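User: I am new to this structure. Please walk me through it in short steps.

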Amino acid sequence: MKANNELAMKTDSQLSFDEFRKEVIQDYRIACESRETSLLARREVLTGKAKFGIFGDGKEVAQIAMAKYFQPGDFRSGYYRDQTFAFASGIATIEQFFSQLYADPNIANDPFSAGRQMNSHFATPNIDANGDFLPIAQMKNTAADMAPTAGQMPRAVGLAYASKMFRNVSELSSYTHLSNNGNEVAFATIGDASTSEGHFWETINAAGVLEVPLAVFVWDDGYGISVPRKYQTTKGSISEALEGFRKQADTNGIEIYNVKGWDYAGMCEAFEEGIRKTRENHVPVLFHVEEITQPQGHSTSGSHERYKSKERLTWEKEFDCNLKFRQWIIENALADDAILLEIEANAKTTVLEAKKSAWEKYITTIKSEVNTFVEQASNVVNEGQADAAFITHIIQELQANREPQRRDVLKSAANILFHSNKLHTPAIAQLKAYYDNLLASEKENYNSYLHATGNNSALNVPVVPATYNEEPTVLNGYEVLNKYFDQLFTNNPKVFAFGEDVGKIGDVNQAFSGLQQKHGKNRITDTGIRELTIMGQGIGMALRGLRPIAEIQYLDYLLYGLQPLSDDVASLQYRTKGQQFCPIIVRTRGHRLEGIWHSGSPMGMIINSLRGMFVCVPRNMVQAAGMYNTLLKANEPAIVIESLNGYRLKENLPTNLEEFTVPLGVVDTLHSGDDITIVSYGSTLRIVEEALPVLEKLGISVELIDVQTLLPFDLSHDILASLKKTNRILFVDEDVPGGASAYMFQQVMEIQGGYRWLDTAPRTLTAQAHRPAYGSDGDYFSKPNAEDVVKTVMEMMAE
């Protein structure tokens, strides 16, 4: 029996060794293929087939080791040099990598961005066309990459925080397609130089405080483009600089590991231990991956020989991770030189074939379009009435272009049409129809999906009017919201709210008063003063199927959190061509109150930086509740700006508080009139309403319109219908001159064609160009007041 046991142990050991050897050889194959991808892709850029390239060479072995511990349900929030990780984890293929490099707009070829992002910007879908979340707990996931350095860090907090909520909130236990009891880890990667950004430090601090399963990998190659580490980081080491964050036995904090980017075995050991800890115990962990090399330099834009010493370049060749990995394999008798040479040769062939396939798929479609154009243009020539020499030259020029682009076809067709604009022949008409259809098709390729469609779209939510008792209950505005949020949190376990002072005291205006005590600290949560990662917390949660309401206490402080909303959320549906959605709701309050920092209305900044999000500006809290209902029935991101001075105004309480919806992009006419149309929103509407009795006594009949949402804006063109009746229009706004007023002006005058119906020049009445001064008088002289409205209207009526 003993002999048999020993035999069995030896057999198991041999099998384990064989499996280990196969895994190592497979890892070396991936490393070689990824390196060859970088080399070949760089050549494609330098020869003009692609516009720009930034690659992951030098990080192959570290990313292969990292990918070993990336499990279904996990999320990556990464860095644009993570190509090897994408290959090793199965998120991307080499052919897809090249398709993205060529900017192929076919979503089947570049499934991450349909040619809308640069290379190594990966994404995985999270919501289907029916508006349902995919089974992301069974998928390997990545948040859509973006180029701003450290921009990936804030949302990593939210991706990890979602795991904590799935583990700790019992009401979420049934959502097994979204989480496996919160066992998912968020993998964040970042270049060492980018740890100088405030995004990194705020993320690390928030992760340590929240105690979430976040694994941060810092790729340290010693430089930030050309700037060496000593100018980037205190003590020249991010792990040393973070030493005060290190978790102790009786504290929160982060676990810190130092590894070498060329040490395959050492990284596998450290990553296994660290990720196991964060997965099981929700302790954040940071891996400082040092001695990374960059064989081809920063990007195709320049050469690293310009700023690295000869000694450094020599060291990089010696410590190249693929070379070190190769040496380690041979030293440990896992393969001989002949086997490795074969792997290296096969890698060149594999990558070359993938590159060729991607290019053929890209160029064949365009060349087919060239042929169609040539046929259409030749018909014009054969018809005998056009300038044959001119058109023939255009045809020949396009046919001689070995690597034509879509724009070349359109420009050729347009030039013929411009040149032949006085001809009205069948062939010209056919060419015009061809051009129009092709232009529409390409606009779909390049200009679509800023917003969701179908069931995911907030614009398709059915309208449910608010209902009231014959003698409705009258409450303060904040009490309306309090009752609304109470019902919402009772009936929708996926909704969470968090922000500064939201929890214990129920937010500074009491809309959440008593609700943390009722619904728990996990559902309604206080945060530190960290607007950037409050936004990140909401972004990550929304990507994972939860419905966060992330609060910015005052609109003025949205600036702190604007970057991830603008660069990440607002562009997400567009840059993934509808593959990924982030239905975050940002709740804030603004407009009129007291003082420079608590009464801002930077609406022009918001609407111009957040195209792709909805911007809701409810005039009261009932309207706000209806907008929240609409948004929660769809999968689009939005910011809701409640009126800061409206919380103690009396409102009628709807009987269907959690069911009624306010349609977005639909205006509300508050007062009918015949002489002039006044357009405004939010708190400023009350200023206009104050002026109406005075104007009425002067015999001036005003039609007052509340736009309700700035994005989208008056989709039915109801303001134009009003203008056709009154022939005069005034836009009243408390943003700076040329801010939201200019936007509304352009929408009505240009988009709706309102200029055709004017009897007098249209006007805007705005706040002053400076920040609003403190005090009631400061408000009066800094922002539009009722007397300003009366005077402006009188002037317009006198014209």
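User: Which exposed residues does the face of α9 turned away from its buried side carry?

Analyst: This is a predicted model. Exposed here means over 50% relative accessible area. On the face of α9 turned away from the buried side, the residues that are exposed are Lys310, Glu311, Thr314 and Lys317.

User: Why are the buried residues of α9 on the same side?

Analyst: Helix α9 spans residues 310-318, and its buried residues are Arg312, Leu313 and Glu316. They sit on the same side of α9 because the arc they cover around the axis is only 100 degrees.

User: Which element gives the most to the lining of the largest pocket?

Analyst: The largest pocket has a volume of about 720 Å³. Of its 30 lining residues, those closest to the centre are Tyr102, Ala103, Tyr362, Gln405 and Tyr446. Two or more lining residues come from each of α4 (94-101), α11 (337-383), α13 (406-419) and α14 (426-447). The top contributor, with 5 residues, is α14.

User: From which domains does the lining of the second largest pocket draw at least three residues each?

Analyst: This second largest pocket has a volume of about 290 Å³. Its centre is closest to Asp556, Gly600, Ser601, Pro602 and Arg771, out of 21 lining residues. The lining draws at least three residues from each of domain 3 (458-652) and domain 4 (668-798).

Definitions and conventions: Residues are numbered from 1 along each chain as its sequence is written. This is a predicted model: local features need pLDDT of at least 70, side-chain atom pairs count only at pLDDT 80 or more; totals for chains, interfaces and linings use all residues. Side-chain values use heavy atoms; hydrogens and water are left out. Buried means under 20% relative accessible area, exposed over 50%, partly exposed in between (1.4 Å probe, protein chains only). Helices (H or I, at least four residues) and strands (E, at least two) are DSSP runs, numbered from the N terminus. The arc is that of the directions from the helix axis to the C-beta atoms. On a 1 Å grid over the protein atoms alone, a cavity is a set of points where a 1.4 Å probe fits but cannot get out, and a pocket is an open set with protein on both sides within 12 Å along at least five of seven lines; lining residues have an atom within 4 Å of a point. Grid points are joined across faces, edges and corners, and a volume is the space filled by probe spheres set on the points. Domain bounds come from an automatic or database domain assignment.
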